[in-house]
Amino acid sequence: MKNFADVLIEEIIHKNSVLVAGLDPDLQYFPDFLIDSGEVSNQKASEAIYHYNRIVIDAVAEHVVAVKPQLAYYEVYGSEGIRALEKTIAYAKSKNLIVINDAKRGDIGSTSSAYAKAFLGNGSLAGDMVTVNPFLGSDGYLPFIEEAGRNGKGLFLLVKTSNPSSHEVQDVKLENGELLYIKMADDINKIAQQTLGENNYSFIGAVVGATYPMEAEKVRKSLPSSIFLVPGFGAQGGTANDLKPFFDAKGLGALVSSSRGIIYNGSKEEKKTEAVLYEFIAKAARESNDKINEVRLSH
Ligand SMILES: O=c1ccn([C@@H]2O[C@H](COP(=O)(O)O)[C@@H](O)[C@H]2O)c(=O)[nH]1
């Protein structure tokens with residue numbers, strides 16, 4: 001049966017892209033024509049964020065398969081920030097972009113069920129996929145899998161994150177000598193194998209950082225049927241040359257995400273008008289996509 005991985009794969013083929021633009025709005029990088037410098041009210045911040053995101057979405061739409069709002073950047077501005085997020089999600093959907101909420105949620109079962117409804121249901125914060133922290137255990141992540149399955153959506157469980165200290169927890173050696181992130185991958189795979197779609201991929205994906213290509217190779221062995229969400233490309237130092245182990249032989253199986261590298265390309269001072277800002281962002285998305293395609297489609 002068709003699942004959300006099939007939808008993703010159709011979109012990847014249609015757009016010839018596995019790129020995801022991260023929507024991490026940080027006012028310090030906004031050009032002056034969008035926001036006054038100095039004290040800014042939450043309402044003004046929210047308006048500027050939505051305006052910036054609309055420019056980003058318009059500029060990247062033909063080069064990316066999805067956008068990934070990082071929720072922290074919206075939560076900073078309270079209910080006004082959440083309003084900007086809701087409007088951004090609606091705008092991205094109107095441009096036929098897949099929306100991945102980078103929320104990294106996960107809690108006791110009952111609370112996870114509520115989170116799952118918020119991000120994978122039909123409300124104003126719901127996208128198509130959400131990132132989930134599985135380190136609370138299976139009762140913390142199963143509600144997301146159930147909700148995603150019911151609604152034809154998907155999720156990405158954190159397995160090996162891109163940050164420099166991820167080894168402190170995720171690479172801990174268990175009593176049997178196995179590394180924690182590999183155990184996590186093995187556990188997820190048991191469920192993933194029961195949820196395969198027409199392309200043999202599950203709607204249960206995994207986050208694996210671009211900064212850890214050797215680890216990605218090991219995770220791929222444990223999780224052959226999960227699509228990887230790969231952050232850490234660009235600003236965190238991951239390069240296109242690192243990406244080969246993330247993909248399958250057809251150049252599928254992974255989405256590569258970049259936030260700062262795309263949306264803050266070029267200096268603030270150069271961006272005096274909306275048209276110039278649009279061009280900087282579109283150029284970064286186009287060039288990133290070309291670089292990634294060169295690697296993922298090479299044999
Ligand atoms: O392992 C992870 C998981 C999530 N992220 C998020 O991705 C973006 C990365 O931003 P860049 O500007 O492209 O570095 C950001 O929203 C993180 O919260 C991650 O980096 N690593």
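Predicted model: local features only at pLDDT ≥ 70, side-chain atom pairs only at ≥ 80, totals over all residues.
**Figure 1. T111 is a residue of helix α5.** The helix spans residues 109-120. V230 is 119 residues away from T111 along the chain, and the C-alpha atoms of the two residues are 27 Å apart.

**Figure 2. Eight strands form a closed barrel.** The order of the 8 strands is β1-β2-β3-β4-β5-β6-β7-β8, and the pairing is parallel. From one strand to the next, the twist averages 30°. Helix α5 packs on this sheet, where it touches β3 (98-105) and β4 (129-132). The direction of α5 makes about 160° with that of β3. In general, the strands of a sheet pair through backbone hydrogen bonds, in either a parallel or an antiparallel manner.

**Figure 3. Strands β3 and β4 run parallel and are joined by 3 bridges.** N101 has V130 of β4 as its bridge partner. The side chains of β4 point two ways: M129 and T131 go one way, whereas V130 and V132 go the other. All four of these residues are buried.

**Figure 4. A21 stands opposite S258 of β8.** Strand β1 (residues 19-23) pairs with β8 in the parallel sense, over 3 bridges. When neighbours within four places in sequence are left aside, A21 is in contact with V56, V60, V64, V67, S258, I262, I263 and A285.

**Figure 5. The largest nonpolar core contains 92 residues.** A21 belongs to the group that touches the most other members, together with L157, A206, V256 and I281. Helix α2 (residues 42-60) gives the most to this core, contributing 9 residues.

**Figure 6. Two residues, N96 and K104, have a positive phi without being glycine.** Most residues other than glycine have a negative phi. N96, with a phi of about 60°, is found in the loop between α4 (78-94) and β3. N96 counts as exposed because it has 10 C-beta neighbours inside 10 Å. K104, with a phi near 45°, has its place in strand β3. K104 has 16 C-beta neighbours inside 10 Å and therefore counts as partly exposed.

**Figure 7. N199 has its place in the loop between α8 (180-192) and β6 (202-208).** N199 has 18 C-beta neighbours inside 10 Å, so it counts as partly exposed. Not counting residues up to four places away in sequence, N199 touches A5, D6 and I9. K2 is 197 residues away from N199 in sequence, yet the two are 8.2 Å apart in space, C-alpha to C-alpha.

Technical notes. Residues numbered from 1 in each chain as written. Helix = DSSP H or I, 4+ residues; strand = E, 2+ residues; numbered from the N terminus. Buried ≥ 20, exposed ≤ 12 C-beta atoms within 10 Å, placed from the backbone. Contact = placed C-beta atoms within 7 Å. Core = buried A, V, L, I, M, F, W, Y, C linked by C-beta atoms within 7 Å. Pairing = 2+ DSSP bridges. Axes fitted to C-alpha atoms, helices over the stretch in contact; angles between N-to-C directions.
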